[in-house]
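Here's a model to walk through with the viewer open.

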Amino acid sequence: MRIAIAGAGNVGRSIAQELIDNGHQVMLIERQPKMLRPDRVPAADWVLADACELASLEEANLAGCDVVVAATGDDKVNLVVSLLAKTEFAVPRVVARVNRAENEWLFTEQWGVDVAVSKPRVMAALVEEAVTVGDLVRLMTFRQGEANLVEITLPPTAPYVGQPIHAVPIPRDAALVAILRGKRVLVPSPDDPIEAGDELIFVCTAAVENEVRAVILGPDSVDRKRERS
């Protein structure tokens, strides 16, 4: 893929190097000359330009990109870059960095954002995922489709422990995409049994999260969640 990254700070450069290592073509756009450090990511195309200016993005051929990543340290800049990428250049996928948690509500499809990545939310989700058994933990939100990546670690009392996946009535608009068992990552198949301690990874809409929770953990789990809320 051809990927443009706005912001060549530590975050932008790290993302660029990772994507290049995975075989993608990356363009780094940076408006501050002192931040232009091609020696740090020599395989990237470096562009000195303001990613909030339409003319600069046209010159950089943003329309030819498959993905745009707004990775600056300024939320206002990231929102403008996202909006221009989506509305002016029809970039298929826009990923935006959220620097301040209180601004997260702005990073929606109305601003052209398909995926918003908030460090505080990611860190909180990782903490929850590490210590929570018997509840649903939201790991990531995919804004465009209002879908979430969620995780449930099965307690021994879960209703379908020991039963094959085909016996689990997974709700519509939800899909079991992976099972983490110890150090293994399993691709679910209908005849695979689920075990206590398994981490089940689902993609589902926000509207069916409680249904997924009720099926996997039992109907009383939803009541317990409401009581805590």
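Predicted model: local features only at pLDDT ≥ 70, side-chain atom pairs only at ≥ 80, totals over all residues.

What follows is a short tour, starting with the ground rules.

Residues are numbered from 1 along each chain as its sequence is written, and side-chain values use heavy atoms, with hydrogens and water left out.

The big picture, then. The protein chain has six helices and eleven strands; helices (H or I, at least four residues) and strands (E, at least two) are DSSP runs, numbered from the N terminus. Of the 229 residues in the protein chain, 44% are buried. Here buried means under 20% relative accessible area, exposed means over 50%, and partly exposed is in between, using a 1.4 Å probe and protein chains only. Take the contacts (heavy atoms within 4.5 Å) in the protein chain with a separation of 6 or more: residues 24 or more positions apart account for 55% of them.

Now for the inside. The largest nonpolar core has 25 residues, and Ile29 and Leu62 have the most contacts inside it. A nonpolar core is a set of buried Ala, Val, Leu, Ile, Met, Phe, Trp, Tyr and Cys residues joined through side-chain atoms within 4.5 Å. At least two residues of this core come from each of strand S1 (2–6), strand S2 (25–30), strand S4 (67–70), helix H3 (75–87) and strand S5 (93–98). H3 gives the most to this core, with five residues. Which residues does Leu62 contact, leaving aside its neighbours within four places in sequence? They are Ala4, Met27, Ile29, Leu57, Val68, Ala85, Phe89 and Val91. Apart from this core lies another, of 20 residues, among them Val150, Leu154, Ala174 and Ile216.

Stay with H3 for a moment. The helix has 13 residues and reaches 18 Å from its first C-alpha to its last, close to the 18 Å expected at 1.5 Å a residue (the expected span is 1.5 Å times one less than the number of residues). Its buried residues are Asp75, Val77, Asn78, Leu79, Val81, Ser82, Leu84 and Ala85, and the buried residues of H3 pack against S1, H2, S4 and S5. At the start of H3, a side-chain oxygen of Asp74 comes to within 2.8 Å of the backbone nitrogen of Lys76. H2 (residues 54–59) holds Glu58, which counts as exposed at 52% relative accessibility. Glu58 and Phe89 are 31 residues apart in sequence, yet 8.4 Å apart in space, C-alpha to C-alpha.

On to the charges. Searching the whole structure turns up seven salt bridges, each being a side-chain nitrogen of Lys or Arg within 4 Å of a carboxyl oxygen of Asp or Glu. One of them pairs Lys86 with Asp114, the closest N and O atoms being 2.8 Å apart. Lys86 lies in helix H3 and Asp114 in the loop between S5 and strand S6 (115–118), so this pair ties together parts that are 28 residues apart in sequence. Lys86 is partly exposed, with a relative accessible area of 21%, while Asp114 is buried at 1%.

Next comes Arg181. Glu195 forms a salt bridge with Arg181, where the closest N and O atoms are 3.6 Å apart. The side chains of Arg181 and Asp198 also meet in a salt bridge (2.7 Å, N to O). Arg181 lies in strand S9 and Asp198 in the loop between S10 and S11, so the pair ties together parts that are 17 residues apart in sequence. Both Arg181 and Asp198 are buried, whereas Glu195 is partly exposed at 37%. Salt bridges that share partners join Arg181, Glu195 and Asp198 into one network.

Asp135 sits in the loop between helix H4 (119–131) and strand S7 (136–142), and is buried, with a relative accessible area of 11%. Its side chain makes a polar contact with the side chain of Arg213 (3.1 Å). A polar contact is a pair of N or O atoms within 3.5 Å; within protein, one must be able to donate a hydrogen and the other to accept it, and residues adjacent in sequence count only if both atoms are side-chain atoms.
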